[in-house]
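Subject: Structure handover

Hello,

Here is the structure I promised to pass on. Please open it and keep it beside you while you read.

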Amino acid sequence: MSKHFVDIILPYKIEMLTYELPDNFLSRIVVGHRVLVSVGKRKLRSGIIAKIHNIQPEFETKSIISILDENPVVFPETIEFWQWIANYYICTIGEVMNAALPSLLKLEDSTKIYAPEFDDFYGFSAQEELIIRFVFENKLISISDLEKSFKGKSIYALVQSLIERKNLFIYEELKSSYSSLKIKHVRLSDNYTSNKSIEFFIAKNQRGKKQNECIAQFLKLADNDLHTSIQKSNLLGSDGISRSAYNALLAKEIFIETEQIQSRISVQDNSSESLNILNEYQKKAYFEVNEGFSERKVVLLHGVTSSGKTEVYIHLIKDAFDNNKQVLYLLPEIGLTNQIIARLNKHFGSKVAVYHSGLSASEKFEIWQSLLNNSSDSVKLVLGVRSSIFLPFSNLALIIVDEEHETTFKQTEPSPRYQARDLAVVWAQKINANILLGSATPSVESYFNAQTGKYKLVEILQRHNSVKLPHVEIVDMKLLQNKLKNSILSKVLIKHIESALDKKEQVILFRNRRGFAPILQCASCGNIPKCKNCDVSMTYHKNSNQLVCHYCGYAKKNTSKCDDCGQTDIRTLGFGTEKLEEEISQYFIHAKVARMDTDTMRIKNAYSKLISEFEQGSLDILVGTQILAKGLDFKNVNTVGVLNVDALMNIPDFRSNERAFQLLTQVSGRAGRHSGNGKVLLQTLNTDTPLLKFVQNTEYKQFFNQELSERKGFYYPPFSRLIKITLRHKEKNKVEALASYLMKLFREKNGIIALGPIYPYIAKVHNKVNLQILLKLSRDRTLIDNKLWIKKVFQKNVKLSDYKSVQVLIDVDPYN
């Protein structure tokens, strides 16, 4: 009988490894199962079965140790998708698995083992007997702690052998490190589940006034159902309820405490409101979207800000639900989920779950399991950020990518550096699901695909309820009549803010730089404090009186003296959101001002709390960075100011015009969404820039045509594909030597244009030198072959072993 083998994916920067499959596992295992294997000499890891075969490897193989789950945790087509991602983004399938799986499905050295009681150790070595006895006495112990207890002796091979021979066992409950959420409940004891008995106790217990109040509150919360239980925290959290009275009722066995398992998935009311009726423009878009779906095309919905795209999404979700299908709704930011989830819950209730990095490991695990099981009460709609694309939907019919142009759909660190929007397109086509991309400012690549017939274009060019688009005014900051002395605010902006506040309206001010000032400079010697780890000036944060590097996080206290000459004449150059907040508070002393940027949003739920306060009218002016531009809807905002527009347009990147147009259009779209009286003021020193005219007149197509013409001339996407290779090391000569060798290889390869090597604007970060190579690849048939060739260069080129200390970062379709 021939042996069987399995190829296993492990969550590391490695390709699949081959293990022997014991005969007793053969009938129980399928592709997608999670198994426990030995990695190296001393480590246990969990991996995913990718392939079962009988091809004998040329090397000696280890056996898998155990099967960790009754059912597979991923589907076979998911593993094929992972392999596609690894090939496209030039990384290993192990890195893809690491990004895709929740942490509780990745078993590591904390694995605990236990031993049964043995009466007879015949056939065991003395060392094996010692290990078994030690494990038995400790009841549960991790393998790493076991090895420490044996004072450095290598016992791993013995432990592995004992597990394989069923003398030691993996602790089943800890295989996933998951434990159910248990909530304490309270109910009446069986002796008091009739009206007469509980009334008799209350009448007899006249001295126990607090106890009787506790019973009365219990009955109120239980809707007078004597047989039901309620959460203990709800009872004790009620006004006037004494914990000592509650404990006395427990002691008298009036109350009984129980534990109930509760799902961590946020469950809303099962009731659902009927859908809003679509207006004629939305209805037309809805039918055109479905036409695109019937043609098996990706659909791009281009709708101006506040055109009602979300209502179209809701009707499409309802269609999927009517056919008992699942839906994935991708958003670029966690914060956007707060407003949208409220709208979706009104219509779809408990079928909705939210998935993002702010969830606990257990919450993510429960959502994964719910989708995998796909029972009648499982989640049907997931609202999530980019990592949601990896969730194990079993019946997915529709993927919606809202704000599809957003750069936050692109993963930067760690590898794989994927674009979730692009993965959604590939995944939908692979599983025959419909996919809809929506935006008021589509990415150039997506709109190009629509113009060339690859995608179907659907447009809504009118705001909902015929509300007018905001009036955009360009404020020339070169003109003296517009300037306020020693201020970053123009006279016209101040005037419009005053008018808005007089009318009890709210104001949004946008500045895409956090901190108080980007630069501090000594007026005597010109010295500018720089980060000790990076080639960049440090940003001054006034609230904490610190100088902070926004690249590595290094911070130091700001002193009033120059580090070089000791003089005290220190001046700020430029401004960030912190300075803007301070200045606007000085002009409008009675206004309630708040700031929204990464410095103020670090605390859990800070974002949703601030959004809620602004929605409810508790704040008058909101100052912030690009977080403000991401699809938020405020009814009482008619005035928006954008400061230092020029900084957005002068970034050294071929996408800088596209990003500037998107940011300015999106932040402008926050004004007048309900009144039609929106006013947007753009403060700039370059009033004749064509880009600003496009924003002012909402001329997306004109902007697109100009941008496309420029990119074609310079052979940038969408006419080519880009790969950015960053070489990183502490020693400059090592990155330069490797770059020289790679450039020679790349320039000899057909279909690849190699540019560089060049040091980026910030050449040193975290005390490491960065050197970059930019590759332009043809979009023809050579693209796939050239990517695989590049992957082989970095995985199998023997010469590169000379440079193994140099860190290589490969970014396919880079966004910066």
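Start with one term: a residue counts as buried if its relative accessible area is under 20%, and as exposed if that area is over 50%. Take Asn 638 as the test case. Its relative accessible area is 6%, so Asn 638 is buried. You will find Asn 638 in strand 28, which runs over residues 637–642. Its side chain has a partner: a polar contact of 2.6 Å joins it to the side chain of Ser 675. Bear in mind throughout that this is a predicted model.

**Aromatic pairs**

How many aromatic pairs does a search of the whole structure find? There are 25. One of them is Phe 516 with Tyr 540. Their ring centres are 5.6 Å apart and their planes stand at 75 degrees, so this pair is edge-to-face. The cut-off for that label is an angle over 60 degrees. Phe 516 counts as buried because its relative accessibility is 6%. Tyr 540 counts as buried too, at 11%.

Now look at Tyr 700 and Phe 704. Here the ring centres are 6.3 Å apart and the planes are at 20 degrees, so the pair is stacked. Both residues belong to helix 22 (residues 700–714). They are four residues apart, about one turn of the helix. Buried or exposed? Tyr 700 and Phe 704 are both buried. They also belong to a cluster: ring pairs link Tyr 447, Phe 661, Tyr 700, Phe 703 and Phe 704.

**Charges over rings**

Two lysines are worth a look here. The charged end of Lys 776 sits over the ring of Tyr 716, 4.0 Å from the ring centre. The charged end of Lys 787 sits over the ring of Tyr 88, and there the distance to the centre is 3.0 Å.

**The second largest pocket**

This pocket has a volume of about 850 Å³. Its lining has 33 residues. Which of them are closest to the centre? They are Ser 306, Arg 343, Asp 633, Arg 673 and His 674. Helix 11 (309–322), helix 12 (336–348) and helix 18 (606–615) each give two or more residues to the lining. Helix 12 gives the largest share, with six residues. By type, the lining of this pocket has six nonpolar, 15 polar and twelve charged residues.

**Cavities**

The structure holds two cavities of 30 Å³ or more. One lining residue of the largest cavity is nonpolar, four are polar and four are charged.

The second largest cavity has a volume of about 30 Å³. Thr 78, Phe 81, Trp 82, Ile 389, Phe 390, Leu 391 and Trp 427 line it. Three of these residues come from helix 1 (residues 76–88), the largest share. What types of residue make up the lining of the second largest cavity? Six are nonpolar, one is polar and none is charged.

**Backbone details**

Check two prolines. A cis peptide bond joins Ser 415 and Pro 416, with omega at about 5 degrees. Pro 416 lies in the loop between strand 16 (396–402) and helix 14 (420–431). Another cis peptide bond joins Gly 756 and Pro 757, with omega at about 0 degrees. Pro 757 is in strand 31 (residues 752–758).

Then check phi at two positions. Ile 90 is not a glycine, yet its phi is positive, at about 50 degrees. Ile 90 sits in the loop between helix 1 and helix 2 (93–100). With a relative accessible area of 8%, Ile 90 is buried. Asn 644 is not a glycine either, and its phi is also positive, at about 55 degrees. Asn 644 is in the loop between strand 28 and helix 19 (646–649). Its relative accessible area is 27%, so Asn 644 is partly exposed.

Best wishes

Definitions and conventions
Residues are numbered from 1 along each chain as its sequence is written. This is a predicted model: local features need pLDDT of at least 70, side-chain atom pairs count only at pLDDT 80 or more; totals for chains, interfaces and linings use all residues. Side-chain values use heavy atoms; hydrogens and water are left out. On a 1 Å grid over the protein atoms alone, a cavity is a set of points where a 1.4 Å probe fits but cannot get out, and a pocket is an open set with protein on both sides within 12 Å along at least five of seven lines; lining residues have an atom within 4 Å of a point. Grid points are joined across faces, edges and corners, and a volume is the space filled by probe spheres set on the points. Ala, Val, Leu, Ile, Met, Phe, Trp, Tyr, Cys and Pro count as nonpolar, Asp, Glu, Lys and Arg as charged, and the others, Gly among them, as polar. Rings of Phe, Tyr and Trp (its six-membered ring) pair if their centres lie within 6.5 Å; planes under 30 degrees apart count as stacked, over 60 as edge-to-face and the rest as tilted. Buried means under 20% relative accessible area, exposed over 50%, partly exposed in between (1.4 Å probe, protein chains only). A charge sits over a ring if NZ of Lys or CZ of Arg is within 6 Å of the ring centre and within 35 degrees of the ring normal. A polar contact is a pair of N or O atoms within 3.5 Å; within protein, one must be able to donate a hydrogen and the other to accept it, and residues adjacent in sequence count only if both atoms are side-chain atoms.
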